[in-house]
Amino acid sequence: MSTARNYLAREIYRSTLVVMLALMGLFSFFTLVDQLDAVNDRFPLSALFYIEALALPTRLYDLLPIGLLIGSIVALAGLAQRNELVILRVSGVGSIRLLGMLWAIAIPVMALAVVLSEFVTPVAEIRYSEANMVMRGKVQGGRLVSGYWFKEPTERGGSRVINVGKLLSSGEVADISIYELDANASLSFLRQAKRGTFEGGQMVLSGVTDTIVPEGAVGALTDGQRPTQALITVREDPEQRMQTSLTPGRIAAKIATPERMSLLALWDYIGYLQSNQLDADRQIVAVWRKLAYPFTLIVMLTIAAPISYMQTRAGGVGAKMFIGILVGTSFFMISQLTLNVGTLYRWPPIVTALLPSTIVFLLALGTVLLMERRRGPKEHRPTERQVEKSIA
């Protein structure tokens, strides 16, 4: 059966490669056409091509499940049209055994997806954001109008809120405001800096202005008496060092979409969020979705099996391709809808990540079993005339 499996693998890989090239080219073309209005003297056409080239790994990762589905349908439908699937069944390869062969064929594709997910896509996503920052003057990601916000505990039992106005392509940060609160959540001082860099668990701040609020300042404002000391003190320093749990990776995690981060970076960022009592549901769902991604590829091949077995007349391959595109697009839309609904209603992350894939997998597997049952035992014991007709 290894010969049959290798033959199936070649056909599926070849068809999937052609489909992926077509999908990548189509999506890249439409993106380029959509972004042509942004081309000017500051942002030339070469810069647009460079940014789109950086987006290719992410696009490949996103389109791989649908490309595998359509490529598998094309390959299996071609085999069915040439009666080669009938020959396989004559040789004793039933629907369930064929499905097992398809799952084995998915293993190299799953390995490719892991390499893309853990090594290629995270780096490309950071480079893509940096290129947007330098060439377009804007950053895509989790940015508010007021900048990027972070929170962490202090050594004195209070909390520190850090606002970063700008992220620079050199890995530095600029326009920094740090609000330090005491244990009673009262502001103790405000620190502002023009630039900041990270060195060994510290943030090195330059151009620093400290606005210090004494402990009795709030009481002096509320008792209606003339204060005996200054309510605030302003101090300027050319440079200061501050212990912080922030790292360049955690700041980059604020920019990147959680699904585009590596698992190690996601775990680190989730630990940071949870240690500071911040919401990490989206990141936890992203971890489960990344873990479920290889299973999604298995689901796509399981969907392809019953579609390729459908009996069609002339032009059947085109009809099966249309059905495959429709099923793949519907599956993608349902997955995104489940992600948004699950995040909104705070479903368990494992349910949000696995529910669509599990439902579709069970439906496709049930369809294969039903088709196998309808064929009956006679299908697996063909007559000599059926064999000759199939080979002819």
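This is a conversation about how to read some features of a predicted protein model.

Colleague: Let's start simple. How many helices and strands are there in the protein chain?

Modeller: Remember that we are looking at a predicted model. The protein chain has 11 helices and six strands.

Colleague: And what share of the residues is buried?

Modeller: Of the 392 residues in the chain, 42% are buried.

Colleague: Can we zoom in on one pair? How many bridges join β3 to β4?

Modeller: Eight bridges, with the two strands running antiparallel. To find your way, look for Y179, which stands opposite L190 in β4. The hairpin of β3 and β4 has five residues between the strands, and there A185 takes a positive phi near 65 degrees.

Colleague: What about the pair after that, β4 and β5?

Modeller: Strand β4 (residues 187-199) and strand β5 (residues 202-212) pair in the antiparallel sense over 10 bridges. Find F198 and you will see M203 of β5 opposite. This hairpin has two residues between its strands, and G200 in the turn has a positive phi of about 55 degrees.

Colleague: On to helix pairs. How do I describe the way α1 and α4 meet?

Modeller: Look at the distance between the axes, then the angle. Helix α1 (residues 2-35) and helix α4 (residues 95-136) have axes that come within 11 Å and cross at roughly 25 degrees. An angle under 35 degrees counts as roughly parallel, so α1 and α4 are roughly parallel to each other. The crossing of α1 past α4 is right-handed.

Colleague: Which residues make that contact?

Modeller: On the α1 side you have A4, R5, L8, A9, I12, Y13 and Q35. On the α4 side, the residues include L98, M101, L102 and A104. By class, the contact of α1 with α4 has 12 nonpolar residues, one polar and two charged.

Colleague: Are α1 and α2 parallel or oblique?

Modeller: Their axes come within 5 Å and cross at roughly 140 degrees, and that makes α1 oblique to α2. Again, α1 passes α2 in a right-handed crossing. The residues of this contact divide into 21 nonpolar, eight polar and three charged.

Colleague: What does the meeting of α4 with α8 look like?

Modeller: The axes of α4 and helix α8 (residues 281-309) come within 8 Å, crossing at roughly 145 degrees, and the crossing is right-handed. Among the residues involved are W103 and M110 in α4, and Y293 and L301 in α8. The contact of α4 with α8 counts 15 nonpolar, three polar and two charged residues.

Colleague: Last topic, single residues. Is S72 buried or exposed?

Modeller: S72 lies in helix α2 (residues 45-81). Its relative accessibility is 0%, so S72 counts as buried. Leaving out residues up to four places away in sequence, S72 touches I12, T16, L301 and A304.

Colleague: And Q229: buried or exposed?

Modeller: Q229 is exposed, with a relative accessible area of 52%. You will find Q229 in the loop between α5 (217-222) and β6. Q229 and P214 are 15 residues apart in sequence, and their C-alpha atoms are 9.3 Å apart in space.

How values were computed
Residues are numbered from 1 along each chain as its sequence is written. This is a predicted model: local features need pLDDT of at least 70, side-chain atom pairs count only at pLDDT 80 or more; totals for chains, interfaces and linings use all residues. Side-chain values use heavy atoms; hydrogens and water are left out. Axes are lines fitted to C-alpha atoms, for helices over the stretch in contact, and angles run from 0 to 180 degrees between N-to-C directions. Helices (H or I, at least four residues) and strands (E, at least two) are DSSP runs, numbered from the N terminus. Angles under 35 degrees count as roughly parallel, over 145 as roughly antiparallel, 65 to 115 as roughly perpendicular and the rest as oblique. A crossing is left-handed if the near helix is turned anticlockwise from the far one by less than a right angle, and right-handed if clockwise. Contact means heavy atoms within 4.5 Å. Ala, Val, Leu, Ile, Met, Phe, Trp, Tyr, Cys and Pro count as nonpolar, Asp, Glu, Lys and Arg as charged, and the others, Gly among them, as polar. Two strands pair if DSSP finds at least two bridges between them. Buried means under 20% relative accessible area, exposed over 50%, partly exposed in between (1.4 Å probe, protein chains only).
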